[in-house]
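Have the sequence and the 3D view open as you read.

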Amino acid sequence: MGFIFIFFVLSIGTIFGQDVPTLVPASPFDPNSDAARLFDAMNGLGTDENKIISVLCYRTASQRDVITTTYNNLHGSLAKDLQSELTGSFQTLSIMLTHGMIKFLSIELHETMARPGTDEPSLTEIIMSRSNRELNEIETFFNNYYGHTLVSEIESDTSGPYRQLLIQMAEGRRDETMLVNVTAVQIDVVDLYEGGPAIDGTDETLYINIFSLRNFVHLNKVSILYEATYGMSLSTVVTTEFAIDMGNALVSILQYSADKALYFSSRFHTTIAGAGTADRDLMRLTVSRCETDLGNIKMAYQYIYGVSLSNAVSDDTSGSFRTALLALID
Ligand SMILES: *[C@@H]1O[C@H](CO)[C@@H](O)[C@H](O)[C@H]1NC(C)=O
């Protein structure tokens with residue numbers, strides 16, 4: 001009994017418990033004075049970028065939403081003013097911060113597909129990591145904003161089993177209970193083997209259903225039991241059973257299921273490592289995780305890469321863009 005209890009707590013802890021955000025609601029919060037501060041920062045000659053940062057990077061998405069509405073009612077359009085006053089990545093980030101969470105995620109989804117060749121890892125990341133409720137709200141917002149559905153955009157930008165996986169994940173029907181039924185885990189383990197390595201070809205529908213509908217704690221248990229039973233990792237199996245897009249997506253889901261902070265720290269690392277920095281990905285990761293689990297991601301990053309995320313970001317960015325990102329990260 002004691003063992004089972006600890007096992008349960010540990011699983012929940014690594015997946016969806018004890019999230020440590022780096023951005024928390026400002027309190028007290030006065031949207032009128034924040035809107036006035038932003039107007040001040042941009043009014044007249046020159047722009048006080050630090051003043052802009054002092055508002056936009058220290059308020060949560062729902063607070064920024066209220067500030068934006070307040071500003072727009074008094075002065076026209078905050079996004080347009082930021083657009084004309086700022087440049088480069090700092091401009092992009094500032095405008096991003098004027099959007100509520102659902103609008104922000106919808107635009108980022110569209111962006112990843114608008115890129116030449118589609119940015120599959122980012123597409124998988126966004127869809128996989130949002131709740132059913134958020135996915136439903138995104139679907140509605142997306143359709144109103146772009147005049148076509150998210151699913152239709154996925155359909156025209158991806159193909160094969162990867163397309164079907166994304167569409168089913170975007171429908172937001174995943175079990176969110178976080179409960180594990182040992183019998184159901186055993187059944188999935190056998191089914192994945194029987195529908196994969198045991199046969200010529202692959203039962204694609206089976207894999208798509210399991211990976212898009214099961215809760216993440218369950219999936220992690222499936223991965224562990226699979227390796228214990230068949231002596232090969234499920235990650236290796238999915239990369240040999242499927243083409244690269246689908247294989248990578250399934251591996252991402254397994255990594256996310258095993259340790260969400262570790263998964264995101266590797267996503268951060270990818271945007272920072274190598275020549276140049278994928279600014280847009282870095283912004284998206286920072287803005288989308290800072291109110292949730294960026295504290296956990298920072299710990300994982302330090303542990304895996306031996307350098308703090310703040311230092312890594314600081315080394316790869318400059319100017320107000322750097323100041324703004326670090327304000328959100330620290
Ligand atoms: C566990 O899963 C099995 C197989 O799907 C099912 O028959 C059983 O009813 C489930 N048990 C519970 C408590 O939900």
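## Helix 4 and its neighbours

The buried residues of helix 4 pack against helix 2 (31-42), helix 3 (49-56), helix 5 (78-85), helix 7 (101-114) and helix 18 (279-289). Please keep in mind that this is a predicted model.

Which residues of helix 4 are buried? They are Ala 61, Gln 63, Arg 64, Ile 67, Thr 68, Thr 70 and Tyr 71. Helix 4 covers residues 61-75, and its 15 residues reach 20 Å from the first C-alpha to the last, close to the 21 Å expected at 1.5 Å a residue. Just after helix 4 comes Gly 76, with a positive phi of about 105°.

In helix 2 you will find Asp 34. Asp 34 counts as buried because its relative accessibility is 3%, under the 20% cut-off. Leaving aside residues up to four places away in sequence, Asp 34 touches Phe 29, Val 55, Arg 59 and Ile 67; Ile 67 is also among the buried residues of helix 4. The C-alpha atoms of Asp 34 and Ser 54 are separated by 9.2 Å, and the two residues are 20 apart along the chain.

Helix 5 holds Leu 82, which is buried with a relative accessible area of 0%. With residues up to four places away in sequence not counted, Leu 82 touches Met 42, Ile 52, Leu 56, Gln 91, Ser 94, Ile 95 and Thr 98. Ser 94 is 12 residues from Leu 82 along the chain, with 7.0 Å between their C-alpha atoms.

## The other end of the chain

Helix 21 (residues 319-329) is mostly covered, with eight of its 11 residues buried. Those residues are Ser 320, Phe 321, Ala 324, Leu 325, Leu 326, Ala 327, Leu 328 and Ile 329. They pack against helix 3, helix 6 (88-96), helix 18, helix 19 (294-305) and helix 20 (309-316).

The chain is divided into domain 1 (101-170), domain 2 (179-258) and domain 3 (261-329). The centres of domain 2 and domain 3, taken over C-alpha atoms, are 29 Å apart.

Is Thr 118 buried or exposed? Thr 118 is buried because its relative accessible area is 10%, under the 20% cut-off. Its place is the loop between helix 7 and helix 8 (120-128). There the side chain of Thr 118 makes a polar contact with the side chain of Asp 157, at 2.9 Å. Beyond residues up to four places away in sequence, Thr 118 touches Thr 112, Met 113, Leu 123 and Asp 157.

Thr 240 sits in helix 15 (residues 234-241) and is exposed, with a relative accessible area of 64%. Its side chain reaches the backbone oxygen of Val 237 at 2.9 Å. Between Thr 240 and Asp 40 there are 58 Å in space, C-alpha to C-alpha, and the two are 200 residues apart in sequence.

| Residue | Relative accessible area | State |
|---|---|---|
| Asp 34 | 3% | buried |
| Leu 82 | 0% | buried |
| Thr 118 | 10% | buried |
| Met 178 | 12% | buried |
| Thr 240 | 64% | exposed |

## Backbone details

Most residues other than glycine have a negative phi, and most peptide bonds are trans. With that in mind, two spots deserve a look. Met 178, a residue other than glycine, has a positive phi near 70°. Met 178 lies in the loop between helix 11 (160-170) and helix 12 (182-194). The other spot is the cis peptide bond that joins Ser 27 and Pro 28, where omega is about 0°. Pro 28 belongs to the loop between helix 1 (2-15) and helix 2.

## Around the ligand

Which residues surround the ligand? They are Asn 181, Ala 184 and Ile 187. A polar side-chain atom of Asn 181 lies 2.3 Å from an oxygen atom of the ligand. Taken alone the ligand exposes 360 Å², and the protein buries 28% of that area.

Technical notes: Residues are numbered from 1 along each chain as its sequence is written. This is a predicted model: local features need pLDDT of at least 70, side-chain atom pairs count only at pLDDT 80 or more; totals for chains, interfaces and linings use all residues. Side-chain values use heavy atoms; hydrogens and water are left out. A residue is near a molecule or strand if one of its heavy atoms lies within 4 Å of it. A polar contact is a pair of N or O atoms within 3.5 Å; within protein, one must be able to donate a hydrogen and the other to accept it, and residues adjacent in sequence count only if both atoms are side-chain atoms. Accessible areas come from the Shrake-Rupley method with a 1.4 Å probe; for residues, only the protein chains shown count as cover. Domain bounds come from an automatic or database domain assignment. Helices (H or I, at least four residues) and strands (E, at least two) are DSSP runs, numbered from the N terminus. The expected span of a helix is 1.5 Å times one less than its number of residues. Buried means under 20% relative accessible area, exposed over 50%, partly exposed in between (1.4 Å probe, protein chains only). Contact means heavy atoms within 4.5 Å.
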